[in-house]
Amino acid sequence: MASTTNPKTFSQDLPTPEPETPCRPRQPYRFSTLCATVENPSQKDQYGSSSVPIYQTATFKGVGGQYDYTRSGNPTRSHLEHHLAKISSAAHAFAVSSGMAALDTILRILKPGDQVIAGDDLYGGTNRILDYLKTHGGVTVHHVDTTKPDTLLPYINPAKTAMVLLESPTNPLLKIVDLARIAADIKERAPNAVIVVDNTMMSPYLQRPLEHGADIVYDSATKYLSGHHDLMAGVITCNRDDLAKQMGFVINAAGNALTPFDCFLLLRGSKTLAIRMDRQQATSMLVAQMLDRLGFKVHYPGLADHPNRDVHERIADGYGAVLSFTTGDKALSERIVGATRLWGISVSFGCVNSLISMPCVMSHASIDPATRAARGLPEDLIRLCVGIEDPADLLDDLERALLEAGAITLTAAGDSHQRYVRTIPSEGTAISRAVQKLAFNESAGYMTERNEDREWFVSAPGKVILFGEHAVVHGVTAVAASVDLRCYGVTTPRHDGKVSVHFIDIDSFTQEWEVDDLPWDAVTPVGVGDFHPDTLDHKLVDAITTRALSPEVLAKPSARQACIAFLYMYMIMAHGGNRLSFNFSARATLPVGAGLGSSASFSACAATALLLLYSRIQLPARPAPTTDDHVHISHEGRRAIPPALAEEVNRWAFVSEKILHGNPSGVDNSVAVFGGALSYTRPGFGRKAGMIPIQGFKSLKFLLTDSRVPRNTKQLVAGVAALKEQEPEFVNGLLGAIQHISDEAQRALADPHLSRETLLSALSALIDENHGHLVKLGVSHSSLEAIRSKTASPPYALSTKLTGAGGGGCAVTLVPDDLSESSLHELMAALSTDRFVPYLTSVGGSGLGILSPYNQPQLLATPPETPREGEASAGAVELLRDTFASKATADLTAWADSLGRWLFV
């Protein structure tokens with residue numbers, strides 16, 4: 001390596017004495033000399049101090065001087081930053097309070113709508129702050145395998161890719177990333193993207209990414225640059241003046257610059273960087289070779305078989321002092337870690353003292369188990385951070401720990417000498433089980449079958465727009481609520497290399513595909529934990545439409561769109577090469593195409609099923625039962641599904657809705673997932689936009705009547721828009737009146753002190769008023785008026801309005817508490833006589849439901865025609881799918897409820 005045979009030289013501004021004769025010119029100083037020599041020609045100490053003084057002051061006297069306030073600048077920090085820029089081949093350097101403060105400063109360059117491409121084997125804290133940006137900053141983050149440069153290409157968007165975040169080697173798997181090639185690819189395809197490299201694992205001594213095309217490099221100086229773990233610090237370096245100006249502004253504004261005393265400590269530590277690293281990586285090679293000889297899977301770039309070792313040797317000057325290895329068993333790893341003496345159990349690395357840790361339960365514990373498993377991070381992984389102790393002592397201590405833990409044993413060799421050998425010959429199946437156990441929570445109180453090996457039964461409610469139809473398009477607040485008519489979905493494993501659907505309500509439509517024949521080459525996968533971009537991947541939509549759907553399917557619009565939505569999510573969610581083989585069946589107790597959110601409830605069911613199968617979501621553990629020391633309060637499954645899980649489902653249901661409808665508001669899928677009632681205001685009209693749950697919503701009884709008249713939603717919406725353009729004053733007046741109705745309804749529904757009688761009376765009046773305005777907008781229909789006339793006639797005297805787009809579809813009738821059962825059944829019979837289809841339902845109930853896998857026996861559902869090995873003689877298994885498809889619609893809900901406890905949002 002270059003660090004041992006031909007030390008790298010630098011042309012920096014450290015003053016070099018002029019040669020006494022031209023015959024013997026001086027060479028630029030080498031790295032070790034640069035590290036040990038702290039000189040800043042522009043800031044000579046007035047007393048000639050050989051060590052940079054600590055200017056431990058908050059303020060500086062005078063006006064117009066170089067320094068006035070230490071937050072903005074300090075001489076000790078200036079010396080440090082000059083020194084760091086010198087050894088990093090950089091024009092600019094900044095010292096801040098920690099490595100994460102450095103990353104936070106860099107990420108403030110981003111703005112909402114930007115996209116970031118990042119590695120899939122990052123430090124846990126990096127993942128945590130990127131997740132925060134995704135959730136709160138409007139930034140899309142794509143996690144990809146950066147060890148394969150081509151995997152980044154599908155994610156590069158010249159207009160939106162704002163930053164690429166890399167590590168090499170990665171922490172803790174020591175994966176090697178070709179920084180130079182990726183930098184060239186990014187600059188060619190997205191010239192404005194900023195390439196950022198976390199160089200903490202290498203330090204400037206062994207790797208200087210700015211020399212390979214990076215725009216910004218940052219280090220946690222707590223590690224190697226300091227070397228003693230007696231301070232927290234971060235360092236940022238760059239060559240671009242514009243980026244330096246932005247980051248300098250953030251540091252000054254946020255006040256996260258490094259303190260003078262810590263600057264002094266970091267300067268002192270950096271002087272010995274080279275000599276420390278030489279010792280540390282030399283010992284690391286000995287440790288890696290010992291573990292490799294014993295048969296452990298070792299991750300260390302210095303080993304001849306380490307993946308991409310040639311790339312590392314091209315861009316770095318050494319192998320570093322961090323390595324990791326797996327044992328095949330998490331408990332064994334824990335025993336090894338606990339048995340060491342010299343190796344301190346601690347997070348972090350880069351210290352003069354050697355450290356040992358298990359990343360999955362320490363530094364990377366903030367990454368959820370399923371994501372860790374998807375990214376190939378073994379739960380039994382041990383990370384070793386090698387210090388400067390005597391190599392013989394470190395090797396002896398580690399060897400003794402392995403022996404004490406039972407990982408190795410002493411045996412006689414053929415030459416009559418004794419030697420240590422590993423007691424576990426291989427780790428393939430054992431570690432797979434260990435990772436799977438943690439990833440899918442297969443511990444006490446959790447499921448024992450793999451998610452893809454069981455049937456899943458899910459459901460989601462339809463919705464009704466109570467107030468604000470059509471007006472919502474023009475910025476008026478709509479009030480929507482869930483109905484207890486639901487869509488249901490069942491997944492059943494196939495294990496035959498095929499995926500299939502059965503849409504029972506669409507003329508019992510069925511279709512199956514060979515999994516490997518699907519257009520996987522068009523997929524840009526969304527990583528586990530990542531958000532789907534704001535826009536659909538039209539390349540994938542087109543590929544599914546043209547290559548996966550037959551002409552017969554394309555000729556059936558409803559089935560076609562449902563297939564596209566299902567396949568789109570099925571393919572884009574796939575990760576880790578896992579392409580599942582199963583059937584998805586769906587049907588509903590609510591009318592399809594009647595404006596009651598049937599497509600949104602289907603989207604919620606399909607999204608939930610796929611997220612479960614791909615283990616992208618996980619159900620909470622079964623609660624502890626009541627004992628002498630604990631009382632368990634049963635909520636009958638209500639609120640059993642946590643908000644974070646529901647939000648993930650809702651995001652994917654919205655993706656499906658985009659495929660089905662083009663530009664949905666998001667109201668329907670939100671009601672399908674969260675249930676209850678909410679108000680929604682579309683952005684861009686001067687009011688506070690978004691969806692707000694209506695707390696304390698009281699369940700109400702409604703009669704939903706399907707007119708059985710098809711409607712053209714786009715035509716109806718366009719008609720209102722045209723009327724508004726022709727008669728703006730008239731239409732705006734109606735819209736304003738509807739907004740007042742929505743406001744009144746929200747207040748009434750959320751008022752806990754309003755009596756039930758008063759609430760029903762108020763809602764009845766608002767329903768009549770709202771319908772009258774919709775009639776004036778021209779969106780009613782003779783069939784809806786006939787329903788309204790029938791329900792308003794004596795002896796019923798009920799209030800009815802259209803719901804949804806109007807022009808057909810459904811009408812919604814408020815049923816007061818005092819209406820007798822006989823009168824209600826008489827009304828429903830009369831509506832049926834007129835060829836309408838009435839549904840009695842409650843509004844405002846539970847949202848997404850999942851049949852609990854904990855409280856009923858569940859046989860592995862393998863179809864008889866494709867038995868797995870060893871199951872050929874097994875008796876027939878009664879599948880949920882079979883009964884689900886044959887059960888009468890009127891009996892479907894009762895049957896589903898009888899299967900066991902349901903978990904609801």
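The model is predicted, so to speak of local features takes a pLDDT of at least 70 and side-chain atom pairs count only at pLDDT 80 or more, while totals for chains, interfaces and linings use all residues. Residues are numbered from 1 along each chain as its sequence is written, and side-chain values use heavy atoms, with hydrogens and water left out.

**Confidence**
- The chain has a mean pLDDT of 86 (pLDDT is the predictor's confidence in each residue, from 0 to 100), and 87% of its residues reach 70 or more.
- Residues 1-20 stay under 50, and the model gives them 53 contacts beyond four places in sequence (a contact means heavy atoms within 4.5 Å).
- Residues 424-448 are also below 50 in pLDDT, with 47 contacts beyond near neighbours in sequence.

**Helix 5**
- Helix 5 covers residues 124-136; helices (H or I, at least four residues) and strands (E, at least two) are DSSP runs, numbered from the N terminus.
- Its 13 residues reach 18 Å from first C-alpha to last, close to the 18 Å expected at 1.5 Å a residue (the expected span is 1.5 Å times one less than the number of residues).
- Among its buried residues are I129, L130, L133 and K134; buried means under 20% relative accessible area, exposed over 50%, and partly exposed in between (1.4 Å probe, protein chains only).
- The cover over those buried residues includes helix 4 (99-107), strand 2 (115-119) and strand 6 (216-220).
- After the helix comes G138, with a positive phi near 70 degrees.

**Strand 6 and its partners**
- Five of the five residues of strand 6 are buried, so the strand is largely enclosed by the rest of the structure.
- I216, Y218 and S220 sit on one side, V217 and D219 on the other.
- Strand 5 (residues 194-198) pairs with strand 6 in the parallel sense over three bridges (pairing takes at least two DSSP bridges between two strands), and V196 stands opposite I216.
- Strand 7 (residues 234-238) pairs with strand 6 in the antiparallel sense over five bridges, with I236 as the bridge partner of Y218.

- Strand 9 (residues 322-326) and strand 12 (residues 382-385) run antiparallel, joined by four bridges; L323 has L384 as its bridge partner.
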